[in-house]
Amino acid sequence: MAVDATRPDPIGLKLGPLWFMPGYTVGNLLTVNLFSFCIIAAITFMGFAQPYVLTEILHIPEERQGMFTGNLAAAAEILQLMLVGFFGAWSDRVGRRLVLAIGFALIGFSYFLYPLARSETELVLYRLVFASGCAAAPIMMSAAIQDSVQEVSRGKWVAINSICTAFGVLFMSLLLARLPDMFVARGIEPALAGRYAFWVVTGFCAVAGVLIWSGLKRGVTAPDPDKVSVWSKLGAGLKRAVDNPRVAVAYGAAFIGRGDLVIITTFLSLWVVQHGTANSIDTAESLKKAGILFAIVQGSALLWSY
């Protein structure tokens with residue numbers, strides 16, 4: 001018998017106008033919102049604060065920073081493209097919590113290593129560690145959102161989590177982006193101020209990872225008694241785009257949306273920092289001003305989230 005997705009399953013949890021899947025608690029759902037908030041703050045800070053590392057720690061000439069930044073972003077995106085399907089399919093076998101823990105651990109570790117780089121090669125290697133984490137944790141956020149809600153409430157639930165995501169970006173741009181300037185204002189030399197800022201984000205990732213690990217629903221969401229291999233699951237997901245035009249459109253929209261996010265977070269702060277340098281504004285102050293500009297951009301997106 002076909003399931004009518006427009007009607008809720010009364011066994012599930014109802015909160016206001018939203019219907020959630022059976023077995024979920026209010027704590028599990030609040031954790032999904034926290035996940036949306038934390039992961040976007042964690043992943044956007046890297047590209048946003050990168051100009052500070054290039055300028056104050058590695059002292060890369062300004063005329064080379066644009067090309068090097070683009071190459072870093074391209075290398076990271078290629079690795080993510082290679083890993084993201086694997087992590088998504090693997091999470092169907094081992095559960096979301098293990099994969100998100102791996103993702104947060106890799107992201108936090110990369111933030112610890114990044115400001116310690118002594119050469120461009122080291123920086124590329126540390127960025128690839130970060131990219132590996134980004135191939136795991138953010139995908140688990142999307143999976144957790146979809147796992148938790150019934151079809152009848154899916155659009156509203158995605159919108160609520162999009163609002164949490166927008167607030168996460170605002171948190172990054174209005175607080176985390178100010179960290180180097182806050183440390184410099186306390187008399188800390190610029191290179192060390194940058195390291196401290198990155199290490200604060202390392203701590204943020206550790207705390208967020210533990211909280212989300214503890215609060216997210218336990219267990220494998222989709223049991224697989226046939227033990228289908230991860231690669232078979234990945235192939236099946238790609239085949240759905242061929243068989244279903246709606247899935248193909250969703251893949252295409254993700255491609256476009258991801259490109260926009262990468263361009264803005266990678267080059268907006270670089271442009272502002274270089275403009276500030278040209279006008280005798282120090283790097284930390286320029287990064288703070290870039291955060292304000294980025295907050296305006298994301299604030300506009302927040303107005304349309306729901």
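## Terms and basis

A residue is called buried when its relative accessible area is under 20%, exposed when that area is over 50%, and partly exposed in between, with a 1.4 Å probe and protein chains only. The model is predicted, so that local features need pLDDT of at least 70 and side-chain atom pairs count only at pLDDT 80 or more, while totals for chains, interfaces and linings use all residues. Residues are numbered from 1 along each chain as its sequence is written, and side-chain values use heavy atoms, with hydrogens and water left out.

With a salt bridge taken as a side-chain nitrogen of Lys or Arg within 4 Å of a carboxyl oxygen of Asp or Glu, the model holds 8 salt bridges. One of them joins arginine 64 to glutamate 120, with an N to O distance of 2.8 Å. Because arginine 64 belongs to helix α2 (residues 62-94) and glutamate 120 to helix α4 (residues 120-134), this pair ties together parts that are 56 residues apart in sequence. Arginine 64 is partly exposed at 37% relative accessibility, and glutamate 120 is likewise partly exposed, at 26%.

## An exposed and a buried partner

Arginine 118 pairs with glutamate 122 in a salt bridge whose closest N and O atoms are 3.2 Å apart. Here arginine 118 is exposed, at 70% relative accessibility, whereas glutamate 122 is buried, at 17%.

Lysine 288 and glutamate 285, both buried, form a salt bridge with their closest N and O atoms 3.4 Å apart. Both residues lie in helix α11 (residues 283-302), 3 residues apart, or about one turn of the helix. They also belong to a network of salt bridges that links Asp181, Glu285, Lys288 and Lys289.

Methods: Helix = DSSP H or I, 4+ residues; strand = E, 2+ residues; numbered from the N terminus.
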